Amino acid sequence: LPGTPRGLWGALTAVSPQDWEQRQEEDTLLIERILLLVRNVLHVPPDPTEEQQGVDGDASVHDRVLWALHISGMDDLLKFLASAQVEQQWALHVLEIISLMFRDQSPEELAALGQGTAGAEHREDTQELETLRQRELAEKRTRARQRPSRHSRFGGSYVLQGVKSIGDRDVVFHKGLHNLKSYTHDLGKEPRRLPRRRQAA
């Protein structure tokens, strides 16, 4: 951090990875004081007058502090303290510091930043697929309009030579050729129904 004595930062980086059994009580107090210092620096509310004087898109004071933490390597140290099993005593301090780091951010912005260029490419691919799908649906609709709405079931007419119809002419068969084997003169006629009185017992 700018303004933090180099000896203090060196002490923290030297003390933190040490085995907790070898750590002196002074080292533990030093780590706690540095974490409290970082928390208090991040806890300072933004000054509205100073924020208004800056140019649009300019980094705020909070963002510059976060950048200084990143440059100094403090974020890596916080990740180490948060993930190390033997450093659980600092968990609440680290959690508070991380929540103060993300104080001015919304979850939507953080998720969009995490996606980065991959998210933009995914959105472009999705839009391209949607346009292709709409185009395909439009082509299907135009093809459906061009086709006749009713299917013609007319399969042709055939003259059955040697099979006489009612008159002296040959039978004209209007069904498909696959139905020719089952042809009888009664084809297509409804069977005559007998009244119940005349039906056999």
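Modeller: Ground rules first: helices are DSSP runs of H or I with at least four residues, strands are E runs of at least two, and both are numbered from the N terminus. This is a predicted model, so to speak: local features need pLDDT of at least 70, side-chain atom pairs count only at pLDDT 80 or more, and totals for chains, interfaces and linings use all residues. Residues are numbered from 1 along each chain as its sequence is written, and side-chain values use heavy atoms, with hydrogens and water left out.

Colleague: Okay, what pattern does the protein chain follow along the sequence?

Modeller: Count the elements and you get seven helices and two strands. Reading along the sequence, the pattern is α-α-α-α-α-α-α-β-β.

Colleague: How do S1 and S2 pair, and how many residues lie between them in the hairpin?

Modeller: Strands pair if DSSP finds at least two bridges between them. S1 (residues 158-164) and S2 (residues 170-173) have four bridges and run antiparallel. Lysine 164 faces aspartate 170 of S2 across the pair. The number of residues between the two strands of this hairpin is five.

Colleague: What share of the 201 residues counts as buried?

Modeller: Buried means under 20% relative accessible area, exposed means over 50%, and partly exposed is in between (1.4 Å probe, protein chains only). By that cut-off, the buried share of the 201 residues is 16%.

Colleague: Which residue does glutamate 96 meet in a salt bridge?

Modeller: A salt bridge needs a side-chain nitrogen of Lys or Arg within 4 Å of a carboxyl oxygen of Asp or Glu, and the whole structure has three. One of them, at 3.4 Å from N to O, joins glutamate 96 and arginine 39. It links distant parts of the chain, 57 residues apart, with glutamate 96 in helix H6 and its partner in helix H2 (residues 25-43).

Colleague: How far apart are the closest N and O atoms of lysine 79 and aspartate 76?

Modeller: Both residues lie in helix H5 (residues 74-83), three residues apart, about one turn of the helix. Lysine 79 is exposed at 53%, while aspartate 76 is partly exposed at 48%. Their salt bridge has its closest N and O atoms at 3.5 Å.

Colleague: Why are arginine 133 and glutamate 130 about one helical turn apart, and what is the closest N to O distance?

Modeller: They are separated by about one helical turn because they sit three residues apart in helix H7. Arginine 133 is partly exposed at 45%, and glutamate 130 is partly exposed at 38%. In their salt bridge, the closest N and O atoms are apart by 3.2 Å.

Colleague: Which residues form the negative surface patch?

Modeller: Patch members have over 30% relative accessible area and no salt bridge, with like charges joined within 9 Å and nonpolar side chains (Val, Leu, Ile, Met, Phe, Trp, Tyr) within 5 Å. Asp and Glu count as negative, Lys and Arg as positive, with His and the chain ends not counted. Glutamate 124, in helix H7 (residues 107-146), is exposed at 52%. The negative patch is formed by Glu121, Glu124, Asp125 and Glu128.

Colleague: And what area does the nonpolar patch have?

Modeller: Phenylalanine 102 is in the loop between helix H6 (91-101) and H7, and is partly exposed at 43%. Accessible areas come from the Shrake-Rupley method with a 1.4 Å probe, and for residues only the protein chains shown count as cover. Together, Ile98, Phe102 and Leu110 make a nonpolar patch of about 230 Å².

Technical notes
Charge placed at Lys NZ, Arg CZ, Asp CG, Glu CD.
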